[in-house]
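Trainee: I am new to this structure and would like to go through it with you. Could you show it to me, please?
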Amino acid sequence: MFFDFSLKSSFLLVFFFHGLVFSVLLFFKGLKMDDKPSFWLSLFTILCTFYIAPFMLGYAGWYSTNPYRSILFYVPFQQLLLLPVVLYFYCKTLFDKSFSFQKRDLLHFLPAILYLVYSLVIFFTDKVILERAYFYEDEKDKDFSFWYQIAGFVSLLFYLIKSLKLYKKYTFFTYNTVSYADSLTFNWARRFLISFLLLLIIRGVFFILNPEWAEFGRKFWYYILFSLLFYYISISGYINSIRSITSFNDWIFKSKTEDDQRLKPEKVSIKYMEEKESEEKSQILDMDSWKEKIEQLMLNDKMYENPELSILDISQRLETHSKKISQIINKGFNINFNDFVNHYRVNAVIKKMEEGEHSVQTLLSLAFECGFNSKSTFNRAFKRNTSLSPNTYIQKKLSK
């Protein structure tokens with residue numbers, strides 16, 4: 001089989017081969033560990049592999065040689081309307097442990113399905129019905145049509161925004177659920193979203209610098225950058241994983257009461273307003289009571305010393321639900337749960353410092369005793385609470 005192993009085709013062949021390998025590895029990782037994100041990342045990797053296939057085969061001479069040429073034009077290698085959707089559902093499964101694919105989620109795939117139908121109609125019309133090149137009479141690959149490339153770019157932008165919103169929601173819930181949020185693997189999530197953004201940027205630069213869609217040879221820089229990017233995402237996604245502790249379905253905050261949502265402003269009576277005012281006063285008194293109970297758990301029971309303390313632990317001790325405790329901490333202390341607990345941990349470390357324990361054991365040992373589970377988390381929390389690093393605090397506050 002003819003394949004011109006030129007410098008360009010060989011470079012892309014390396015990424016093509018590794019893309020196939022990692023898509024298989026990610027698929028089996030998903031099976032072995034029952035890891036939904038790995039399945040979606042496997043699909044993303046194989047789609048990216050198909051994406052660079054026409055470029056690789058073009059440099060290898062297949063698009064200028066029959067019978068390859070007459071077949072390749074009809075293969076929809078570039079699934080531009082599917083790639084962003086797959087990335088989005090990768091984020092969904094990465095950030096929300098409760099997510100399960102529903103029938104309504106199929107709507108996201110409708111544009112990609114329609115394009116696939118469009119490609120099949122073209123193939124059957126030219127190859128089966130008319131038995132001549134009607135749609136491909138101009139000898140231009142429909143995957144490189146201007147409307148399709150722009151539609152893919154808009155889709156990528158749209159799903160990047162949706163993914164960023166998911167990440168924001170994930171971080172919000174995590175910091176309001178556990179006291180060790182800083183030590184969770186947010187790094188890969190951030191790097192993945194940055195990679196997603198870079199994918200969008202190089203697509204935008206591609207449109208600006210390469211308006212001539214049919215000129216394969218002038219776009220090699222873009223193919224290499226795209227290949228490097230999807231290669232990085234695939235490998236890093238295989239190595240890194242986030243075990244999300246967040247279930248969006250079980251943790252829904254409502255900004256309004258059901259009564260407020262039911263009643264329109266013009267229908268709110270004076271009596272209703274008086275009842276609401278009384279209710280709000282009661283809630284303030286109730287909040288003060290709950291705040292005191294939570295503080296007692298921290299000060300007397302020293303629950304902050306548990307490095308894996310979660311809001312569920314607090315709610316179980318107080319025999320109420322997690323949502324209520326989170327609302328009390330958010331509104332009563334004006335802080336999230338993670339920072340709330342770390343505040344007590346930092347104070348406990350400072351107390352030990354004042355007692356001179358830092359001269360007997362390391363600062364990290366003190367931090368672990370007070371509930372921190374990593375040096376980086378301790379340093380960040382300490383500086384956030386005191387505006388100083390632990391060592392600087394000792395020098396300025398205790399070395400007198």
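Trainee: In which helix is Leu-228 found?

Mentor: Leu-228 is found in helix α8, residues 220-239. Helices (H or I, at least four residues) and strands (E, at least two) are DSSP runs, numbered from the N terminus. This is a predicted model, in which local features need pLDDT of at least 70 and side-chain atom pairs count only at pLDDT 80 or more, while totals for chains, interfaces and linings use all residues. Residues are numbered from 1 along each chain as its sequence is written, and side-chain values use heavy atoms, with hydrogens and water left out.

Trainee: Is Leu-228 buried, exposed or partly exposed?

Mentor: Leu-228 has a relative accessible area of 45%, so it is partly exposed. Buried means under 20% relative accessible area, exposed over 50%, and partly exposed in between (1.4 Å probe, protein chains only).

Trainee: How far is Leu-228 from Leu-12 in space?

Mentor: Their C-alpha atoms are 9.9 Å apart, although 216 residues separate Leu-228 and Leu-12 in sequence.

Trainee: And the chain as a whole: how many helices and strands does it have?

Mentor: The chain has 16 helices and zero strands. Of its 400 residues, 45% count as buried. Among contacts between residues at least 6 apart in sequence, 72% join residues at least 24 apart. Contact means heavy atoms within 4.5 Å.

Trainee: Which residues does Ile-325 touch?

Mentor: Leaving aside residues up to four places away in sequence, Ile-325 touches Trp-290, Ile-294, Ile-311, Ile-314, Ser-315, Leu-318 and Thr-320. Ile-325 lies in helix α12, residues 322-332, and is buried, with a relative accessible area of 0%. Its C-alpha atom is 9.0 Å from that of Lys-291, which is 34 residues away along the chain.

Trainee: Changing topic, at what angle do α13 and α15 cross?

Mentor: The axes of α13 (residues 337-354) and α15 (residues 375-386) cross at roughly 90° and come within 9 Å. The two helices are therefore roughly perpendicular to each other. Angles under 35 degrees count as roughly parallel, over 145 as roughly antiparallel, 65 to 115 as roughly perpendicular and the rest as oblique. Axes are lines fitted to C-alpha atoms, for helices over the stretch in contact, and angles run from 0 to 180 degrees between N-to-C directions.

Trainee: Which residues of α13 and α15 make the contact?

Mentor: On α13 they include Asp-339, His-343 and Ile-350, and on α15 they include Phe-378, Phe-382 and Arg-384.

Trainee: Which residues of α16 are buried?

Mentor: In α16, residues 390-398, Pro-390, Tyr-393 and Ile-394 are buried. Seen down the helix axis, the buried residues fall within an arc of 100°, so they line one face of α16. The arc is that of the directions from the helix axis to the C-beta atoms. On the other side of α16, Gln-395 and Lys-396 are exposed.

Trainee: What do the buried residues of α16 pack against?

Mentor: They pack against α13, α14 (363-369) and α15.

Trainee: One last topic: how many disulfides does a search of the whole structure find?

Mentor: The search finds zero disulfides, a disulfide being a pair of cysteine sulfur atoms within 2.5 Å. As for individual cysteines, Cys-91 counts as buried at 0% relative accessibility, and Cys-370 is buried with a relative accessible area of 1%.
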